[in-house]
Amino acid sequence: MRLRRNPFKMLTALMAGLMIMNSTVPAVNASQHQVNTVQNRSTKATLGQHVNAKAAVTIDAKSGKVLYGQNADQKLPIASVIKILTLAVIEQDVKNGQLSWNQQVKITKPVAKIANDWHFSNVELDAGHRYRLRDLANSMMVVSADGSAAALALADAGSTAKFNKKMQSVARKAGVRDAKIYNMIGLDNGSLGKLKLRGVRNSAENQLSALDVAKIARYLIREYPDSLNIMKGNHVNFKANDHQQYDMVNINMMLFGNSLAPKGWDVDGLKTGTTDKAGNCFAGTEKDGHHRYITVVLNVPGDYNAQFMETISMLEKVTGKKITTEQDVANQQKNQQAANGQPVQQ
């Protein structure tokens, strides 16, 4: 079982020092009476004027107030960030008893084809083999496994189209409207092979605004706070069978212990995403003491780490505080060693 990515994802992942160890549908209409609806008070900003992203937003997780907005209402491709919504559906159906975290999910041939395609972000799944639902959810959120997302959707609803209806329903509960939702993975429709939607162009990708993503993220952690236990772990085991398991390394570089972890903050989610159309995207949730923020940056230019650096920059603007990362501390120590004439550890 290996983590697989397309060449672009592989390059950015290597730059970030990541590895696996050991081994139409109709637009969504929002309900006007949802208690979790985020207040839409985003401000407009010229691209690149403040945050170097096509769109960005920060909201207060408790009140839903928009604290910073830059093109926050513009619909854009969001790649694998859609898996936040996929997880929300799975959480909902576990809670209502339709699914169980311990149930065994049998992998179909179309799912295995996606899971074993090196172009995508994956852990390998064998056709006919059964995997625990919890392990599939872990791999979907920790290493963005596309095959696992497909397996979860089929286990829950039986088809992409039926699962999409559930995604739309949950999106409405979160207060999202006019989103273009095509699949549970974040790929273009044609990449799903036999699981793609009929009557929809192959190039169609999910498109949501930064504010849409923030609303869904807020809904997820408010309604299913245990979901953070899936997303905050740096290392999560994937059980391949009764005799073998693998250590998956989380690709969120702002988590504790990583180079871009902000000192004094508690980062416990959420999800990255990358496609050629979407660019680098990141939805995060960060706590400064008891104050939790939800942040979203979409289509961030530059290398893989840029999405996290722009998130930190946005949090600095929102809080008025300078944020120091683990990397900053390491660089300061090296500079001090060099100034003192001491050998600098690489």
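Select Ile-78, Val-81, Ile-82, Ile-84, Leu-85, Leu-208, Val-213 and Ile-216, which line the second largest cavity. A cavity is a set of points, on a 1 Å grid over the protein atoms alone, where a 1.4 Å probe fits but cannot get out; lining residues have an atom within 4 Å of a point. The space inside is about 50 Å³, a volume being the space filled by probe spheres set on the points, with grid points joined across faces, edges and corners. By class the lining has 8 nonpolar, no polar and no charged residues. Here Ala, Val, Leu, Ile, Met, Phe, Trp, Tyr, Cys and Pro count as nonpolar, Asp, Glu, Lys and Arg as charged, and the others, Gly among them, as polar. Helix 2 (83-95) and helix 7 each give at least two residues to this lining; helices (H or I, at least four residues) and strands (E, at least two) are DSSP runs, numbered from the N terminus.

The model is predicted: local features need pLDDT of at least 70 and side-chain atom pairs count only at pLDDT 80 or more, while totals for chains, interfaces and linings use all residues. Residues are numbered from 1 along each chain as its sequence is written, and side-chain values use heavy atoms, with hydrogens and water left out.

Next, select Ala-79, in the loop between strand 3 (76-77) and helix 2. Its phi is near 50°, a positive value in a residue other than glycine. Most residues other than glycine have a negative phi. Ala-79 has a relative accessible area of 1%, so it is buried (buried means under 20%, exposed over 50%, partly exposed in between, with a 1.4 Å probe and protein chains only).

Asp-178 also has a positive phi, near 65°. Find it in the loop between helix 6 (160-173) and strand 6 (207-208). Is Asp-178 buried or partly exposed? At 44% relative accessibility, Asp-178 counts as partly exposed.

Now color helix 4 (residues 133-142). Because 9 of its 10 residues are buried, helix 4 is largely enclosed by the rest of the structure. Among the buried ones are Leu-133, Asp-135, Leu-136 and Val-142. Just after helix 4, Ser-144 takes a positive phi of about 60°.

Move to Leu-125. Together with Val-57, Leu-125 has the most contacts inside the largest nonpolar core, which has 82 residues. Such a core is a set of buried Ala, Val, Leu, Ile, Met, Phe, Trp, Tyr and Cys residues joined through side-chain atoms within 4.5 Å. Helix 7 (residues 210-223) contributes the largest share of this core, 9 residues. A second, separate core of 22 residues includes Ala-56, Ile-251, Tyr-293 and Val-300.

Val-318 is in helix 9 and is partly exposed, with a relative accessible area of 23%.

Follow the chain to Thr-325, in the loop between helix 9 (306-319) and helix 10 (326-339). At 4% relative accessibility, Thr-325 counts as buried.

A hairpin joins strand 7 to strand 8 through 2 residues. Val-236 stands opposite Met-248 in strand 8.

Technical notes
Pairing = 2+ DSSP bridges. 1 Å grid on protein atoms, 1.4 Å probe; cavity = no way out; pocket = protein on both sides within 12 Å on 5 of 7 lines; lining within 4 Å.
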